[in-house]
Amino acid sequence: MKKLNKYPIVIIGGSIAAISFIRTLRQQENDKKILLIYGEDRLPYKRTKINKNMVRGFEKDDFLIADNQWYADNKVDLINGWVDAIDLTNHVVSTKKGAQFAYEKLLLATGAASVLPRISGIEMQDIHKVQNAFDVEKLLLETKTKQSYLIIGGGVEGIETADQLHRKGKDVTIVGRMKYPMQKLFPTEFMEDLVNGMLKIGVEVYNGVSISSIKKVNGIFETRLKNETRHFDVIVGCTGAVPNIVLAKNAGLNTANGIVVDEWMQTSDDDVLAAGDVAQHKNGEVTGLWHAAEHQGKLAALNLYEKVERHTLPPYRLKTEVFGQFLFSAAYEGIFPEKFEIIKEADKDILRWLYFKDGVLKSVVMRGDKDRAKVYQQALMEAWDKETTLKKIPLPVPIVFSFGAGF
Ligand SMILES: Cc1cc2nc3c(=O)[nH]c(=O)nc-3n(C[C@H](O)[C@H](O)[C@H](O)COP(=O)(O)OP(=O)(O)OC[C@H]3O[C@@H](n4cnc5c(N)ncnc54)[C@H](O)[C@@H]3O)c2cc1C
């Protein structure tokens, strides 16, 4: 019988939650051998970069979080493969190719996968996605010969992709179901300006529209938009992502929208933890952001053998630079304006709305104040009161004179 490779720690899924978990374990002077099984065609990389660098393009190892040497230095064995079963009773994971590994502790860091819209008249493979680096490379190949792009989905991913394709000189049409793009992250007033800017430079924006059928004729896609027949060379689906829970569910772990974890990142099995986009937290939330996944990877490592640090959801933030605007949104989802004191301020370059409850800063949406984005984040993390916030992040921004040598 084939000998089973045994590891004290096995991780399934190679991305930021996994890397942060490894980093933290090593910082804690845990030197137990780790096996990382990653499912993509390259070592873990900065996923956030892939759709923001389409104009410049990228090489296969451009955005790697760490190189081979780092894994070797940190005693991490790497397997490139897809895990398709976990045997919780015997503590064994199996890959699609039939390899099996025994674990003492297991981290599930399987993240999320795109959900593409189901549209009658075309096959799923007709729709490009931008979930993985390989997907973006495939889309970039199209840009060598194709001119017109229909992007379905008006969230951040859709708008960022539209921005990049437009900057590559492509004709871009973006269609979203919501009243405005990025509606979950920004108030209408912010998005009106963005949309007007997009329209001005020739990007077509259709809000409140959902496409139900597309015809493919001689390789060209034909659809109806607001009673007009429109043709496109390429369709890109940016309609969100869902946690990769199938593996965990089949193994018998408790799952709902994500893999259910407690505040210690523990799943329903004592020896299995989950972190990152795949984890569903106590309040039902699945985070879907890079720094949140990083934080959870760290917590999973800290809590691997004993309960050390509870997970509390820190205020999430999203930064994006699209169509010449720097946009920042923190803890905005779920804000009911009537329950907050909102300070709306603007100067020449900056627009910001600060949401206070009981005198404490709870949420920020902002445009143009890129240099101070970290200070807004700090203000939320440390729950600054109104006076402190307005004093430490004043508007207009004070002019700082910097004198060169000789003064
Ligand atoms: C295009 C794009 C842009 C983004 N931009 C931003 C941004 O600007 N800011 C931000 O905060 N967030 C952004 N995000 C979200 C952010 O990238 C994610 O929150 C983060 O990557 C989640 O990390 P994770 O470690 O949970 O897993 P993921 O990054 O989702 O990776 C999980 C990995 O596990 C692998 N895997 C899954 N199942 C298996 C299996 N059975 N066997 C082996 N491997 C498996 C997957 O293939 C994948 O490689 C963006 C996401 C995308 C797609």
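Helices, taken here as DSSP runs of H or I with at least four residues, are numbered from the N terminus. By that numbering, D193 belongs to helix α5 of this predicted model. D193 is partly exposed, as 15 other C-beta atoms lie within 10 Å, a count that falls between the limits of 12 or fewer for exposed and 20 or more for buried. Although D193 and Q325 are 132 residues apart along the chain, their C-alpha atoms are separated by 9.7 Å.

The helix that holds D193 covers residues 188-200, 13 residues in total. From the first C-alpha of α5 to the last the distance is 18 Å, close to the 18 Å expected at 1.5 Å a residue. Its buried residues are F190, M191, L194, V195 and M198. Viewed down the axis of α5, these buried residues fall within an arc of 125°, so they line one face of the helix. An α-helix has 3.6 residues a turn, so residues three or four places apart point the same way. On the other side of α5, the exposed residues are E192, N196, L199 and K200. The cover over the buried residues of α5 includes four strands: β11 (204-206), β21 (325-330), β23 (351-357) and β24 (360-367). Just after the helix, G202 adopts a positive phi of about 95°.

Strand β11, part of that cover, also belongs to an open sheet of five strands. The order in this sheet is β8-β15-β9-β10-β11, and the pairing is parallel. At the edges stand β8 (127-128) and β11, each with a single partner strand, so one side of each is left without a neighbour in the sheet. Within the sheet, β9 (residues 148-152) and β10 (residues 171-175) pair in the parallel sense over five bridges; I151 has I174 of β10 as its bridge partner. Helix α4 (residues 156-167) lies across β9, β10 and β15 (234-237), and its direction makes an angle of about 170° with β10.

The discussion now turns to the nonpolar interior. In soluble globular proteins, nonpolar side chains tend to be buried together. Here the largest nonpolar core has 109 residues, and I11, F21 and A275 are those with the most contacts inside it. Helix α1 (residues 16-27) gives the most to this core, contributing seven residues. Apart from neighbours within four places in sequence, I11 is in contact with A18, F21, I34, L36, I37, L107 and A109.

F323 is not a glycine, yet its phi is positive, at about 45°. This residue lies in the loop between β20 (317-322) and β21, and F323 is partly exposed, with 19 other C-beta atoms within 10 Å. Another residue other than glycine, D358, has a positive phi near 50°. D358 counts as exposed because it has 8 C-beta neighbours inside 10 Å, where 12 or fewer is the limit. Finally, a cis peptide bond joins L395 and P396, with omega about 0°; P396 is in the segment after α9 (386-392).

Notes: Residues numbered from 1 in each chain as written. Predicted model: local features only at pLDDT ≥ 70, side-chain atom pairs only at ≥ 80, totals over all residues. Helix = DSSP H or I, 4+ residues; strand = E, 2+ residues; numbered from the N terminus. Expected span 1.5 Å × (residues − 1). Arc of directions from axis to C-beta. Contact = placed C-beta atoms within 7 Å. Core = buried A, V, L, I, M, F, W, Y, C linked by C-beta atoms within 7 Å. Pairing = 2+ DSSP bridges. Axes fitted to C-alpha atoms, helices over the stretch in contact; angles between N-to-C directions.
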